[in-house]
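Look over the sequence and the model, then read on.

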Amino acid sequence: MTAQETELMAMIARLAPQFHQLTSEVLFGQVWQDDTLSQRDRSLITVTALVVLNRMEQLPGHLTRALNNGLRTEELSAAITHLAFYAGWPVAASAFERLDTTPSQ
């Protein structure tokens, strides 16, 4: 977890303990750990959902996680380009801005 993600989780724990517990135990403890899908596939799915839903505030952390989980910048770029035709050009352009500022592996 990045320092920013750690700060975010601490804030959530303070404001919404049940949400924090569900996030930690169910989302990251069960869903992300289920080996039916690889971490790489889960990252690609998550990035796709965030782009399509225009959740740009959550995207940088998940782009970093996607790179750490084995996706390459070129693959993320191709996915975002593909999504431009389904989710819209502006949302893809915003996602490229986030990808550009994500440290590559």
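Which handedness does the crossing of H3 and H5 have? The crossing of these two helices is right-handed. Note that the model is predicted.

## H3 against H5

Helix H3 covers residues 39-52, and helix H5 covers residues 73-87. Their axes come within 10 Å and cross at roughly 40°. Angles under 35 degrees would count as roughly parallel, and 65 to 115 as roughly perpendicular. H3 and H5 are therefore oblique to each other.

H3 brings Arg-40, Leu-44, Val-47, Thr-48, Val-51 and Val-52 to the contact. H5 answers with Glu-75, Leu-76, Ala-79, Ile-80, Leu-83 and Ala-87. By class, this contact of H3 with H5 has 9 nonpolar, 1 polar and 2 charged residues.

## H5 against H6

H5 also packs against helix H6, residues 89-100. The axes of H5 and H6 come within 7 Å. They cross at roughly 160°. An angle over 145 counts as roughly antiparallel, so H5 is roughly antiparallel to H6. H5 passes H6 in a right-handed crossing.

From H5, the contact residues are Thr-73, Leu-76, Ser-77, Ile-80, Thr-81, Ala-84, Phe-85 and Ala-87. From H6, they are Trp-89, Val-91, Ala-92, Ala-95, Phe-96 and Leu-99. The contact of H5 with H6 divides into 11 nonpolar and 3 polar residues, with no charged ones. Leu-76, Ile-80 and Ala-87 of H5 touch H6 and are also listed in the contact with H3.

## H1 against H2

What angle do the axes of H1 and H2 make where they cross? They cross at roughly 135° and come within 5 Å. H1 and H2 are therefore oblique to each other.

On the H1 side, the contact is made by Met-9, Ile-12, Ala-13, Arg-14 and Leu-15. On the H2 side, Pro-17, Phe-19, His-20, Thr-23 and Ser-24 meet them. The residues of the contact of H1 with H2 comprise 6 nonpolar, 3 polar and 1 charged.

## The largest pocket

The largest pocket holds about 660 Å³ of space. Its lining counts 25 residues. Which of them lie nearest its centre? They are Glu-5, Leu-8, Phe-28, Gln-58 and His-62.

Terms used. Residues are numbered from 1 along each chain as its sequence is written. This is a predicted model: local features need pLDDT of at least 70, side-chain atom pairs count only at pLDDT 80 or more; totals for chains, interfaces and linings use all residues. Side-chain values use heavy atoms; hydrogens and water are left out. Axes are lines fitted to C-alpha atoms, for helices over the stretch in contact, and angles run from 0 to 180 degrees between N-to-C directions. Helices (H or I, at least four residues) and strands (E, at least two) are DSSP runs, numbered from the N terminus. A crossing is left-handed if the near helix is turned anticlockwise from the far one by less than a right angle, and right-handed if clockwise. Contact means heavy atoms within 4.5 Å. Ala, Val, Leu, Ile, Met, Phe, Trp, Tyr, Cys and Pro count as nonpolar, Asp, Glu, Lys and Arg as charged, and the others, Gly among them, as polar. On a 1 Å grid over the protein atoms alone, a cavity is a set of points where a 1.4 Å probe fits but cannot get out, and a pocket is an open set with protein on both sides within 12 Å along at least five of seven lines; lining residues have an atom within 4 Å of a point. Grid points are joined across faces, edges and corners, and a volume is the space filled by probe spheres set on the points.
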